[in-house]
Amino acid sequence: MKEDKLKIDPDRFLSDLHKLREFGASGVGKGVIRPAYSDADIAARKWLAEQMKDAGLRVHFDPVGNLFGLADGPSLLLGSHSDSQPEGGWLDGALGVIAGLEVARAAQEAGGPSVSVVSFQDEEGRFGVTTGSAVWSGQIDLQSADTLTDDNGITFANARARMAELSSGFVDPEQFNGYIEMHIEQGPSLYSSGIQIGVVSDIVGIRDMRITFKGQQNHAGTTPMHLRKDAFQALSTFNAEIKERFANVVTPHTVWTIGHVALHPNASSIVPGSATFSMQWRDGDADRLGRMERIIRATTNEVADQMGLTVEFGELLGLEPETMNVNLRSALEAGAEEIAPNNWQILPSGALHDATNVARLMPVAMLFVPSINGISHAFDEDTDEADLVAGLKVLASAVSCTLG
């Protein structure tokens with residue numbers, strides 16, 4: 001089957017993208033505030049379910065809120081996620097869901113091929129790392145996931161209970177013969193080079209852990225500096241040390257981030273008694289990720305010993321690096337050359353995606369379109385609409401090539 005037999009409608013596709021943006025619209029540019037299990041997220045999923053139903057797909061919410069639009073018989077699964085960061089962009093995840101919906105709708109209208117759609121829940125990690133697809137793929141069991149908490153102490157079990165009336169059992173992955181996820185790049189490579197389409201070669205691995213330095217809470221005015229057991233100073237020292245200790249291990253593509261810090265009691269006149277922080281690191285080599293973990297733990301313990309503090313490590317979360325399936329990737333490459341001749345490239349994904357989890361179950365591939373100025377996870381995240389439509393056409397072409 002050729003791409004022209006799938007009569008995709010770019011205007012309908014763009015209209016749906018903008019409609020989805022209205023759920024949790026931030027009021028700042030095109031930004032959205034649609035964290036997993038929020039009112040806006042649940043409303044968006046109910047709207048998506050109606051669109052899937054209208055497209056001729058069978059709607060199914062699983063126990064964690066993953067939303068599937070299922071075609072009859074064995075099918076190719078397309079999609080991504082529709083939850084957002086606390087201050088998120090309008091395309092991150094949403095693009096893959098709406099693009100998948102448009103291709104599935106066109107396939108239904110054409111009488112085939114068989115295409116299903118998914119919007120995974122909590123990809124953005126309110127409770128962990130790509131939680132919805134992690135549970136569905138068996139990366140983490142539901143009982144363990146239910147004990148995860150967000151930054152406000154709310155458990156995953158309590159959050160997903162908000163969708164209990166919509167949910168039934170887990171979808172059997174055996175009915176899918178592959179998964180393709182379309183996404184914005186979330187980085188500067190495509191945009192800065194003027195390239196319209198990116199075909200992903202592999203997705204980096206990730207590790208994420210919460211660490212707590214525990215010292216001694218005390219008066220900020222009367223406690224001499226040399227007698228303090230200041231938890232924040234321990235964190236500051238760790239942050240300064242870790243770059244040097246990583247120097248002979250990491251590559252230019254390796255990244256690490258302290259993205260969340262909570263001090264206790266977090267008052268201007270009190271020496272902090274504890275500092276809890278997130279430590280996340282990413283690389284395409286699993287051995288390197290392990291070496292970095294050992295350096296992190298050793299450095300944290302040494303800093304704590306030197307300053308007379310103790311340290312506690314939370315659960316290590318993460319996913320392994322994943323190489324894209326050669327057949328699905330080849331279909332995307334052929335589509336890219338057809339739609340954007342000499343204007344596409346192969347590149348790795350430095351961001352984590354649901355495709356990493358789904359790869360445990362079936363062949364996967366990913367397609368990127370440029371992010372303007374390389375910005376994502378921010379209200380000013382955006383992509384030129386011509387690039388969005390080009391990506392949609394590449395996806396449709398790849399589906400036709402794969403299933404035709």
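Tutor: Arg21 lies over the face of Trp90, 5.8 Å from the ring centre. The charged end of Arg297 is likewise placed over a ring, that of Phe313, at 4.9 Å from its centre. A charge is taken to sit over a ring if NZ of Lys or CZ of Arg is within 6 Å of the ring centre and within 35 degrees of the ring normal. The model is predicted, so local features need pLDDT of at least 70 and side-chain atom pairs count only at pLDDT 80 or more, while totals for chains, interfaces and linings use all residues. Residues are numbered from 1 along each chain as its sequence is written, and side-chain values use heavy atoms, with hydrogens and water left out.

Next come the contacts between rings. The structure holds 13 aromatic pairs; rings of Phe, Tyr and Trp (its six-membered ring) pair if their centres lie within 6.5 Å, and planes under 30 degrees apart count as stacked, over 60 as edge-to-face and the rest as tilted. One of these pairs, Phe68 with Phe176, is stacked, with 6.2 Å from centre to centre and 10° between the planes. This pair links distant parts of the chain, since Phe68 belongs to strand β2 (residues 67–70) and Phe176 to strand β5 (residues 176–184), 108 residues apart. Strands (E, at least two residues) and helices (H or I, at least four) are DSSP runs, numbered from the N terminus. Phe68 and Phe176 are both buried, where buried means under 20% relative accessible area, exposed over 50% and partly exposed in between (1.4 Å probe, protein chains only).

The rings of Phe246 and Trp256 form an edge-to-face pair, because their centres are 4.9 Å apart and their planes stand at 75°. Here Phe246 lies in helix α8 (residues 231–246) and Trp256 in strand β9 (residues 255–257), 10 residues apart. The two partners are set apart by their accessibility: Phe246 is buried, with a relative accessible area of 0%, whereas Trp256 is partly exposed, with a relative accessible area of 27%.

Together with Phe120, Trp136 and Tyr179, Phe68 and Phe176 form one aromatic cluster.
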